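Hi,

Here is the structure I promised to pass on.

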Amino acid sequence: MNKYCLFKGELVNAAPFRPGYKGSPHYVVNVKGSQGNIFKYVVNAASDEVGEDGNNNVYFYKDVAFSDPVTDTLSALPLGLHTSGFSPLDYWQDRSLLDIRRMRPIPYSDADGNRMDVNDDISDALSIDTSQPPQSLPYDNGSGEPQDRDFYPPSETGVIVYGFGFLFQPQQDGLHETHMNQGNPRGRHWKENGAFQDGAVIIQRAAGYQALFTAFQTQRLPTNAGGFPVDDAVPLPEFIRS
């Protein structure tokens with residue numbers, strides 16, 4: 001993995017994930033930096049692996065009144081990319097950041113149309129207004145085959161969004177891994193484990209801060225000082241129930 005980083009940008013628009021879109025489900029947030037360039041954050045709306053309950057729902061928590069020392073330095077940072085000068089996030093070792101046991105499995109869409117899915121939670125935090133006409137823009141999910149997606153505007157101006165994660169490679173025009181990056185069992189994500197490199201999205205609006213935290217059912221807790229699951233670690237759903 002490349003260097004863990006933070007990008008601070010002003011919200012431009014966002015595209016909730018829709019069932020007809022290609023590739024793995026991600027909610028896409030467009031922000032602009034100090035030069036006015038568009039930079040993307042992608043937030044997992046579903047997992048690429050099935051959990052113990054047979055579905056691929058992410059575990060998600062939205063803190064609607066986020067208050068933590070990590071915000072002390074955020075407002076003073078200039079817009080743009082930062083690889084130092086900010087507090088790195090760790091869901092497990094920094095117990096003031098969030099209570100992991102408050103995370104719940106949430107789908108990216110609800111068959112009955114209720115406002116109870118990941119798309120809605122993220123849109124609400126960002127003030128994205130999906131009742132407005134969207135702008136159709138090409139988005140490349142890494143497959144090399146861009147597909148048009150519907151991007152909606154925010155209802156508020158001056159929304160600042162902080163993305164914690166890792167840069168897209170090789171284009172470096174966005175962030176992914178905006179989720180917990182530790183506790184992965186042996187397999188395809190084992191090498192991604194680490195301490196104080198967890199991803200998240202923090203939103204600063206006039207009313208204060210909100211924070212979006214994402215993890216996966218297959219990740220295990222507790223973890224050791226290196227971010228790897230300890231011998232008796234259990235999958236996240238079991239840990240939350242304990």
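Predicted model: local features only at pLDDT ≥ 70, side-chain atom pairs only at ≥ 80, totals over all residues.

Residues are numbered from 1 along each chain as its sequence is written, and side-chain values use heavy atoms, with hydrogens and water left out.

Eight of its nine residues are buried, so the rest of the structure largely encloses α1. Buried here means under 20% relative accessible area, using a 1.4 Å probe and protein chains only. Among those buried are Val 118, Ile 122, Ala 125 and Leu 126. At the start of α1, Asp 117 puts a side-chain oxygen within 3.2 Å of the backbone nitrogen of Asn 119. After α1 comes Ser 127, with a positive phi near 70 degrees.

Ala 125 turns up again as a contact of Gln 210 (contact is heavy atoms within 4.5 Å), along with others including Lys 62, Phe 66 and Ile 203, leaving aside neighbours within four places in sequence. Gln 210 sits in strand β12, residues 208-216, and counts as buried at 15% relative accessibility.

Then there's Phe 86, in the loop between β5 (80-82) and β6 (104-106). Phe 86 is at 13% relative accessibility, so it counts as buried. Leaving aside neighbours within four places in sequence, Phe 86 touches Tyr 4, Cys 5, Leu 6, Thr 73, Leu 77 and Phe 164.

Cheers

Notes. Buried < 20%, exposed > 50% of the residue type's maximum accessible area, 1.4 Å probe, protein only. Helix = DSSP H or I, 4+ residues; strand = E, 2+ residues; numbered from the N terminus. Polar contact = N/O pair within 3.5 Å; in protein donor to acceptor, adjacent residues only side chain to side chain.
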